[in-house]
Structures are given as structure tokens and as C-alpha cells.
Amino acid sequence: MRYQSVRMDQIPPYMFAELGKKKAAMIKSGIDVIDLGIGDPDLPTPAHIVDKLVEEARKPENLRYPQFSGHPVFRKAVAEFYKREYGIELDPETEVLALIGSKEGLSHLVPAMIDPGEIVLVPDPCYPPYRMAAVLAGGMYHDMPMVKENGFLPDFEEIPENVLEKARLMFLNYPGNPTAAVADGPFFQNAVDFAKRKGIIIAHDSAYNKVAFSGYKPPSILEARGAKDVAVEFGSLSKTYCMTGWRIGYVVGNRDVIKALAVFKSNTDTGVFTPIQLAGAHALLSDQTCVDTHNDIYFARMKGMIEALQEIGIEVERPKASFFIWAPVPAGYSSSGFAEAVLEQAGVIVTPGSAFGPSGEGYFRISLSVPNARLDEAIGRIKRKIKI
Ligand SMILES: *Cc1c(COP(=O)(O)O)cnc(C)c1O
């Protein structure tokens, strides 16, 4: 008897689901584990957004099946957000689609775009669902190595011709998870021009588009000339407004790609709960002070953690965006060896860089999405207990 498809045989359990089990076992055995592994904001969703959800949830007309491509109010809010933030015009009808979180959308984009045997280009290291979606669609992925010397940006000229022949889709992600790297306008322009020459669709994941510090403003790929011909951009309310559990995101850009994804989705899911969409629209269009407040908190946490790492001999530059620190492991350690040592010596979970792809080897990722007191405790333990 077979209990899963051959495709599924190639899919490991989701890394963070596995880490969660290990953590639960350690906690059960009485160890006070501090989890700096997963990126899930500890800060509460701002009250005005929760209030809006409650208000809308009391209206019976909002409790029925939602519209497939998203509530018009939400799609219009996303378009207004793009106009306000980037000066980009979007048609809410055809160039915006609501998603049940961006993970849902970018995973479903892959089978909507590629056929079996075709290739998805993924940054290496990257957010794991990009690779798995390619495999689940019966396709293949090709890692585009990213190194520190190149600012953790992929070098498109390095992609072999025989790979490019079968490549249909490319993922990019800036500000980046796990590297916290950022990309500028010229990089996106080059990516768009390259994709046009090679007939490749770009899916830019901008989950951290508003998590940035000291006045830095991450650009949108749609600012590049001709971007709408080849690119879509995924966005999420999860990180910006601390709404990870709500499940709401969006994709904007090329209307043909969006149409294909909308058809795929209308055959497999039924959209986001309407009150969540209306609260999401409210989040995008109301006072943005909460975003600055959150960013100030992450920035302060980052400073403390970077100092602690320095004390034990690990040097990292202060990131411009995201709530991650991507740090080199000390000499003599592998990524997983160091993550194990940190867990054993300090009871702190960090993510080994190798979990994000082969080029992540030699690094580890710290997520700053834990309460200040816990982070301070982790910082103290790292300073006192880690012997490298
Ligand atoms: C957190 C994260 C997402 C997922 O966001 P959701 O909208 O909550 O699904 C997507 N991409 C990256 C890179 C992330 O870190």
C-alpha cells in the first residue's frame, strides 16, 4: 500500500514544524528554551485593526463565502497602498489579487506557471516554500547562489544556458529572508531586463517591505521599467502589522500571471474571511504609526543582539531591514553544529543557515521576533555560556 505520491517522497517535513517538536520535547524535560528560530512577531496586532475585525464580524453579510479574487475594498486598498508608497498605479480589478497569506499565493503560483520538467530559479539561501512548490508541481528548482561579497544578490550571468532554456519562473526576495539583505532599483531593473530577454516570469516576495530602519525605504520591483510585463510582487500583512495568524496577503503586477493564479485559486480555495479583508484594508490605509513603533522595537533588539555576538567574536553588520540577523558561524563549526552548540550550551534556538539551502552553510539566522525580556535573557546566556 502506498500512502503518498512519489512527489511527496521528495518533500521533507516543514523545517519549522520539526523544530517545534524538538522544542516541545526540551521544554517537557524542564529546559527553559528561548526560540529565536521562527520569524513570527511577538508584538500584538494594533488595536485599531482588531477593532475593525470585530466590527465587521458582527455583520451577517460578511460571514458568507468571500469573493474569489478578494473583496473590492481590500483590492482597492492594496492599489492605494502602492500609489502612496511607490507612486505605482494598479488596477484593483486585474492587477491585484487577495491571498490567504503570501505563502499560500506563492506556493500556488508555481503550479499555475510551470509544467512538469520545467525549472524554477530560486535564491540560495531562501525561504523554503519556493523550492518545495517547484517539486510539488512536478518541476525542478535551480539554486542561484548568493554570497556576502555580492551583497547576497544572485548573479544572473552565472545561470547555465541549459537551465535557462527550461526556466519559467524566478523567485526573488528583498528585504531578504534569511539574509536580511536589501536590493536597490538598479538590481531590480537588471532582473526585469534579464527576465524579459529570457522569457522568465519574476515573483518578487516583499514580505518585509515595511520592516526597515533609519529611514531606509525598500523599493518595489514594480518601480523598474517594464516590470509589469514580466513581474508580480507578493506582499503580506503578516510582518508589517503583526498579523501572522490572520492569513492575509496579496499579489500585484502582471495581469496575465494574476489571472492564471486567480483561476488556480478559485478551483482550490475560497478566499479570505471577509472581515479579515476589511480589517486588512483598514490596516493598509489607516495611520501607519504602528509600523514605525514596531520597527523601532526591532531596531533596538537588533542592536543588543549584535553587541552580544560581537562579545563572543561574531561580527555582523547592522541590517537595513527585516527582523533577522544573518551571522557567520565561528571557525571550526558547521551551521548545524553551531546551532546545536547554542541550543545545548545556552538553551537558545537559532536556525542553521543550511536549512535555507546549500549556500546558507557557514551561517546561522537569529529572529528578533521575541519579547524584549526573553531576548535580553537570550543575549545574557549567549554572552555567558557560549564557548567558541
Ligand atoms: C513570513 C514570510 C512569508 C509568509 O508570509 P504570510 O503572508 O504570513 O504567508 C513569505 N515570505 C517570506 C520571505 C517570509 O519570511
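A polar contact here is a pair of N or O atoms within 3.5 Å; within protein, one atom must be able to donate a hydrogen and the other to accept it, and residues adjacent in sequence count only if both atoms are side-chain atoms. This is a predicted model, where local features need pLDDT of at least 70, side-chain atom pairs count only at pLDDT 80 or more, and totals for chains, interfaces and linings use all residues. Residues are numbered from 1 along each chain as its sequence is written, and side-chain values use heavy atoms, with hydrogens and water left out.

**Stop 1: the ligand**

Select the ligand and S238. An oxygen atom of the ligand is 2.6 Å from an N or O atom in the S238 side chain. A nitrogen atom of the ligand lies 2.6 Å from an N or O atom of the D205 side chain.

How much of the ligand's accessible area does the protein cover? The protein covers 94% of the 380 Å² that the ligand has on its own. Such areas come from the Shrake-Rupley method with a 1.4 Å probe; for residues, only the protein chains shown count as cover.

Now show the whole shell. It holds 13 residues, and D205, Y208, S236, S238 and K239 are the closest. A residue is near a molecule or strand if one of its heavy atoms lies within 4 Å of it. The shell divides into 3 nonpolar, 6 polar and 4 charged residues. Ala, Val, Leu, Ile, Met, Phe, Trp, Tyr, Cys and Pro count as nonpolar, Asp, Glu, Lys and Arg as charged, and the others, Gly among them, as polar.

**Stop 2**

Switch to cartoon view. Helices (H or I, at least four residues) and strands (E, at least two) are DSSP runs, numbered from the N terminus. Two strands pair if DSSP finds at least two bridges between them.

Trace the open sheet of 7 strands in the order β2-β8-β7-β6-β5-β3-β4; its pairing is mixed. The edge strands are β2 (96-99) and β4 (140-145), and each pairs on one side only.

Select 201-205 and 231-236. These are β6 and β7, parallel over 4 bridges. Which residue of β7 is the bridge partner of H204? The partner is E233.

Then select 102-113. This is helix α5, which packs on the sheet and touches β2, β3 (119-124), β5 (167-173), β6, β7 and β8. Contact means heavy atoms within 4.5 Å.

**Stop 3: two cis bonds**

Most residues other than glycine have a negative phi, and most peptide bonds are trans. Look for exceptions. The bond from D124 to P125 is cis, with omega near 5°. P125 sits in the loop between β3 and α6 (129-136).

The bond from N177 to P178 is also cis, with omega near 10°. P178 is in the loop between β5 and α8 (185-198). Select A180 in the loop between β5 and α8. Its phi is positive, near 65°.

**Stop 4: S359**

Go to the loop between β11 and β12 and select S359. A polar contact of 2.6 Å joins its side chain to that of D124. Leaving aside neighbours within four places in sequence, S359 is in contact with D124, P125, P145 and M146.

**Stop 5: the three-stranded sheet**

Finish with the open sheet of 3 strands, β9-β12-β11, whose pairing is antiparallel. β9 (324-328) and β11 (351-352) stand at the edges with a single partner strand each, so one side of each has no neighbour in the sheet. Now select 363-367, which is β12; 2 bridges join it to β11. In β12, F364 is the bridge partner of P352.

Key: Axes fitted to C-alpha atoms, helices over the stretch in contact; angles between N-to-C directions.
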